[in-house]
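Thanks for coming. I will walk through a few parts of one structure, and you can follow along on the screen.

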Amino acid sequence: MSTVPKAVLRPAAAHDRSPRRRVWVRFLRHRGARAGAAALGALALIAAAAPWIAPGDPAATGEDRFLEAPGPVHWFGTDDLGRDVLTRVVHGGRISLVVGLVAVGVAAVAGAAIGLVTGYYGGRLDNVVMRGMDLLMAFPGVLLALLVIAILGRGLVNVMIAVGIADVPSFVRLVRGSVLSAREHVYVEAARAVGLPDRLILLRHMLPNVFAPLLVVSTLEVGNAILVASSLSFLGLGAQPPSPEWGAMLAAGREYMRTAWWLTVFPGLAIAFTVLAVNLLGDGLRDAIDPRLSRS
Amino acid sequence: MGLYVLRRLVSAVPVFVGIATIVFLVLQVLPGDPVAMMLGFSVTAEATARLRAELGLDDPLWVQYVRYWRNLARGDLGRSMSMDVPVAQALWAQFPATLQLTVAGMGCAIVLGMLLGVLAAVRHHTWWDTATMTVALAGVSIPSFWLGLLLILAFAVHLNWFPITGQGGWERLVLPAVAVGLRAAGLLARLTRSSVLEVLRDDYVTTARAKGAPERRVIFHHVLRNALIPVVTVAGLQFGQLMSGAVIIESVFAREGLGRLIVYGIMQRDILLVQGAALFLATTYVLVNLAVDLSYAVLDPRIRLGAEAAR
Amino acid sequence: MSLRSLVALRGMLVAGVVALSLAGMPWAETPRHASAAPAGGGAIVIAIRAEPDTLDPHATGSRRAYAVMKNVFDTLVYRGPDNKFHPWLAESWEHSADGKTYRFRLRRGVRFHDGTPFNAEAVVFNLNRIVDPATRSRTARALLGPYERSRAVNANTVEITFASTVSPSGLLDSLSQAWFGMVSPAAARAAGADFGRRPVGTGPYRFREWRPQNQIVLERFPGYDWGSPAFNRKAPALGEITFRFIPEDATRVAALERGEVDLVQEVATDAVERFTRNPTYVVVRGVAPGGPVIFWLNTEAELLSDVRVRKAILHGFNRNGLVRGVYQGHVVPAEGPLSPSTWGYTKKVEGLYRYDPSRAKRLLEEAGWTPGPDGTRVKGGRPLALRLGDLFDRRRGEYFQANMRQIGVHIEFRLVSSAELFGMTRRAGDYEMASTWYASSDPHILNLLFHSSNVGTGFAISRWRDQTLDAKLAEAFATMDDARRAAIYEEIQLYIMERALLVPLYAETEIDAIKARFKGYRLDRGQYPELFEVVIQD
């Protein structure tokens with residue numbers, strides 16, 4: 001294997017620096033992407049630094065400060081058990097980001113693995129798997145997640161699993177599509193002729209091609225995952241008390257909508273802000289990688 | 001066209017079979033003892049045995065599967081343990097409310113989305129464009145249930161314009177419909193915008209303008225007709241999302257519907273109820289997609305005239 | 001894209017408009033009142049928190065069902081606000097000296113809603129139905145005690161025989177509860193399992209409609225004139241009652257303010273002020289007798305088997321903080337297994353476990369639990385982590401969680417449905433704590449909650465098996481003399497608290513708000529809505 005010139009084995013693009021640099025430049029120029037990346041960076045920083053910057057314990061009840069309006073001491077006010085809302089919102093950020101990243105990460109890895117294998121080998125395996133994916137996609141949006149929760153029971157971990165399962169089909173389709181078109185290229189035939197094991201072909205040739213769109217879709221899906229997860233927690237099916245998950249906080253704050261508007265406004269704002277940042281980032285990535293896609 | 005319709009109908013069947021099978025399997029993969037859950041507090045040895053026999057849970061899998069299909073053919077989805085009524089009856093009673101909300105949300109999404117999209121495209125590169133697109137982006141990023149809460153907070157609690165409880169009357173439908181439809185409206189707005197923009201560049205538009213046609217005629221007669229096809233398709237495909245959204249919004253606005261039924265079923269571990277509702281919703285989704293595909297046959301002359309569109 | 005016909009554009013706009021108008025169509029609407037004009041006397045719409053599971057009085061133990069059922073079914077006796085028993089379907093009663101045989105003389109001329117007559121045979125049918133396993137009765141069956149048989153001595157006299165002594169006050173209290181509502185034998189036989197959806201009784205109101213997830217409508221039963229003499233009228237004035245299910249507290253309250261309902265049950269504590277200050281409404285309160293809201297301590301769970309741990313938990317809980325802060329003083333603190341408004345409650349349970357976190361920590365140390373790295377105490381590598389499930393209110397669980405963290409006890413708290421609660425408490429190893437609340441106007445509810453025979457049935461959730469306690473409970477149940485009964489129940493309450501079988505929180509206060517134009521509304525002994533005497537006066 002080492003005697004074969006590398007130029008035959010690798011597609012030209014990987015060696016050529018300039019397309020990658022062009023993508024990077026386009027990304028940096030995209031206003032939305034910059035804003036999204038900046039916002040997301042800030043959020044991640046805040047979330048990571050939560051124990052130090054957020055004053056106090058998110059679960060600490062306060063005896064004489066129930067349902068206080070936002071003020072100099074409690075910037076976001078306090079809730080019905082006397083807990084500081086700002087602290088809870090900040091800690092909730094960690095939860096949401098973890099949920100989004102883990103659910104989509106797992107779905108992306110699983111989806112890519114399935115897509116690679118089924119796209120490359122084709123045949124009956126491909127047929128069966130794609131029928132299965134179509135079926136999963138036949139369940140609209142949140143419904144699949146609800147069904148998974150009905151089976152597994154409530155809880156944040158199960159929500160991550162549910163959202164992950166719901167996301168897998170789109171990743172499979174994406175990767176498979178890319179593999180199908182890449183499969184016919186000359187260098188692949190050459191690699192096979194030379195005796196390169198299949199898994200190396202998949203990893204070194206197919207995967208890099210699909211990496212960019214995979215990243216874009218993953219980013220956009222993280223936003224969606226956060227939305228679905230918070231919806232499920234809002235319904236009481238996700239995070240359990242005293243978890244400061246944003247959706248759960250909104251559910252708890254509902255009772256006091258009339259008297260304590262801050263319980264409804266701030267956690268929701270946090271969700272919207274985070275998802276917006278993620279969406280901007282994803283849009284920017286997509287535009288940077290393929291400007292033609294921005295028209296769709 | 002007949003062939004196209006036939007092919008579409010036929011291809012929907014295995015999808016339905018697949019959905020029904022997945023739903024069937026849900027009961028089989030439940031951890032814990034579903035029978036004990038269903039009986040709730042009244043569990044005794046003989047009650048458990050009786051229920052297992054009734055549900056046929058001790059039979060081999062394929063026997064249960066056949067029975068499942070036989071029951072489905074009769075419209076029998078089992079009996080809800082927590083509500084003590086036949087599941088099918090409970091679902092049919094709640095379905096119209098969900099459907100109503102979904103359709104209202106769709107109407108809102110279409111009208112609002114189209115308006116915003118056309119506006120943004122026609123006023124391309126002005127602040128209108130950025131403003132409407134920002135709104136569209138926000139619509140996609142804001143959690144719909146939060147939007148629902150905010151709408152209640154603003155309009156029902158503080159401004160006192162709308163009543164908030166449950167059913168009855170168009171005024172109780174407005175806020176939930178907006179909450180359901182806004183996300184799709186955002187998507188449709190972006191889609192409409194780019195679609196219209198693309199068409200605006202086409203030759204025949206320049207020709208029409210060159211001929212001296214008034215701008216309004218250019219837009220309505222030429223641009224929109226073409227730009228809206230992909231939008232229609234997407235709108236139809238959004239039905240599933242809208243329905244899922246409706247399911248959640250129902251809880252926010254304390255409305256009747258399948259949403260509350262599902263959440264209730266999950267909380268009460270009433271598996272038959274959840275199964276039935278899932279089957280119902282998924283089937284509706286498939287049927288709507290089918291309808292969109294078929295309507296495509298009507299709208300797209302290539303199909304109507306018999307040529308197979310490049311798929 | 002090539003040219004399209006005008007169909008596409010028009011179709012698009014039409015689709016949007018059609019969607020909007022279709023959606024607004026009334027085909028999925030629910031009218032506010034099920035009928036156009038109720039049968040004279042006016043109508044009342046009541047917002048209740050949850051939908052009843054069934055309206056079969058023998059088969060349910062749900063408070064929501066009770067509130068509805070008490071209008072559809074009458075009972076043999078009525079327990080008035082003075083705590084005394086008054087005749088209702090039974091005109092008079094007597095019992096044997098040994099307390100094993102009771103005779104009730106029934107009122108004549110009473111009919112069921114389906115026209116069939118109410119008589120001794122009907123009573124026999126009802127009692128046998130309660131003990132019949134097919135009915136799956138829990139609450140009624142448990143309250144009936146050592147029932148052996150009953151027979152119709154003649155058309156209007158029924159004799160009930162018990163296997164062992166039953167105290168008159170205990171039995172009469174059971175019979176006064178809606179779980180012992182008299183159902184029509186003909187209707188019950190005909191409807192079978194569906195009776196709960198189409199109830200037929202002798203009550204002042206008959207069942208008209210039940211729209212699931214929405215409401216239940218009752219209409220006045222013409223010809224009803226056998227109201228208990230405890231009421232100030234023979235038959236109620238209202239023509240129609242609608243119970244609407246609105247689980248969300250805020251929505252329920254808003255419904256009253258908007259005039260969509262006339263009476264709201266379980267007004268959330270933070271909304272009470274709005275109604276007390278407003279003359280358009282009247283706020284009615286009552287402290288529910290029976291069991292208070294408690295957190296059971298599962299004595300069979302490994303982590304809670306040591307009484308010192310249990311006592312530590314009791315000392316570590318800040319009851320006053322919960323009552324004054326979270327519930328803004330609208331509920332009454334409870335320190336024993338009975339709520340303070342129950343007959344037979346003893347004040348001696350008060351002060352047994354004062355809030356004392358340092359004492360709690362000492363007890364835990366004594367029991368061998370030392371603080372672990374994250375604050376939770378450990379012993380032999382095992383953390384002191386307790387699972388707690390609550391049916392309704394997350395606030396008390398979360399507050400308790402925070403209290404327990406201070407003393408190094410980790411609480412895993414979840415809001416659960418009744419089905420899940422059952423699933424949790426069925427086996428000793430699946431939970432450490434659970435929250436329940438049982439209302440009862442008589443202390444014999446303690447039998448249900450603490451007798452060892454009820455372990456594993458969903459009732460005696462602390463799983464304490466103790467012959468001494470069982471004997472005392474049996475004795476109290478069978479004592480004919482009320483003063484002696486009260487004394488035994490006092491012993492029982494202290495016995496239970498000394499062994500720390502539960503964490504009492506507070507006595508549930510029923511707070512209702514009703515429009516002032518409805519006069520004569522009150523809560524009955526069990527704190528259920530008493531609508532019999534309500535009239536509308538504008």
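A salt bridge here is a side-chain nitrogen of Lys or Arg within 4 Å of a carboxyl oxygen of Asp or Glu. By that rule, there are 44 salt bridges over all chains. Please keep in mind that this is a predicted model. As background, side chains of opposite charge can pair when their charged atoms come close.

Take one that involves chains A and B. Asp283(A) pairs with Arg190(B), and their closest N and O atoms are 2.6 Å apart. Are the two partners buried or exposed? Asp283(A) has a relative accessibility of 9%, so it counts as buried. Arg190(B), at 27%, counts as partly exposed.

Next, a pair within chain C. Asp56(C) and Arg129(C) form a salt bridge with the closest N and O atoms 2.7 Å apart. Asp56(C) is in the loop between β1 (43–48) and α2 (63–72), while Arg129(C) is in helix α3 (residues 120–131), so the pair ties together parts of chain C that are 73 residues apart in sequence. Both Asp56(C) and Arg129(C) are buried.

Another salt bridge in chain C links Arg484(C) and Glu475(C), at 3.1 Å from N to O. Arg484(C) is partly exposed, with 38% relative accessibility, and Glu475(C) is partly exposed at 36%. There is also a network: salt bridges with shared partners connect Asp79(A), Asp80(A), Arg83(A), Arg88(A), Arg394(C) and Glu398(C).

Back to helix α13(A), which also meets helix α7 of chain B, residues 144–158. The two axes come within 10 Å and cross at roughly 145°. The crossing of α13(A) and α7(B) is left-handed. Which residues of α13(A) meet α7(B)? On the α13(A) side they are Thr264(A), Val265(A), Gly268(A), Leu269(A), Ile271(A) and Ala272(A). On the α7(B) side they are Phe145(B), Trp146(B), Leu149(B), Leu150(B) and Leu153(B). The residues of this contact divide into 9 nonpolar, 2 polar and no charged. On spacing, an α-helix has 3.6 residues a turn, so residues three or four places apart point the same way.

Pro168(C), Gly170(C) and Asp173(C) are among them.

Helix α15(C), residues 467–478, contains Lys472(C). Leaving out residues up to four places away in sequence, Lys472(C) touches Ile488(C), Glu491(C), Ile492(C) and Tyr495(C).

Last, a sheet. In chain C, 3 strands form an open antiparallel sheet, in the order β15-β16-β17. Strands β15 (370–371) and β17 (382–383) stand at the edges with a single partner strand each, so one side of each has no neighbour in the sheet. Strand β16(C), residues 377–379, pairs with β17(C) in the antiparallel sense over 2 bridges. In one of these strands, β17(C), Arg382(C) is the bridge partner of Lys379(C).

That is the end of the walk-through.

Conventions
Residues are numbered from 1 along each chain as its sequence is written. Chains are lettered from A and ligands numbered from 1 in the order in which they are written. This is a predicted model: local features need pLDDT of at least 70, side-chain atom pairs count only at pLDDT 80 or more; totals for chains, interfaces and linings use all residues. Side-chain values use heavy atoms; hydrogens and water are left out. Helices (H or I, at least four residues) and strands (E, at least two) are DSSP runs, numbered from the N terminus. Contact means heavy atoms within 4.5 Å. Two strands pair if DSSP finds at least two bridges between them. Buried means under 20% relative accessible area, exposed over 50%, partly exposed in between (1.4 Å probe, protein chains only). Axes are lines fitted to C-alpha atoms, for helices over the stretch in contact, and angles run from 0 to 180 degrees between N-to-C directions. A crossing is left-handed if the near helix is turned anticlockwise from the far one by less than a right angle, and right-handed if clockwise. Ala, Val, Leu, Ile, Met, Phe, Trp, Tyr, Cys and Pro count as nonpolar, Asp, Glu, Lys and Arg as charged, and the others, Gly among them, as polar.
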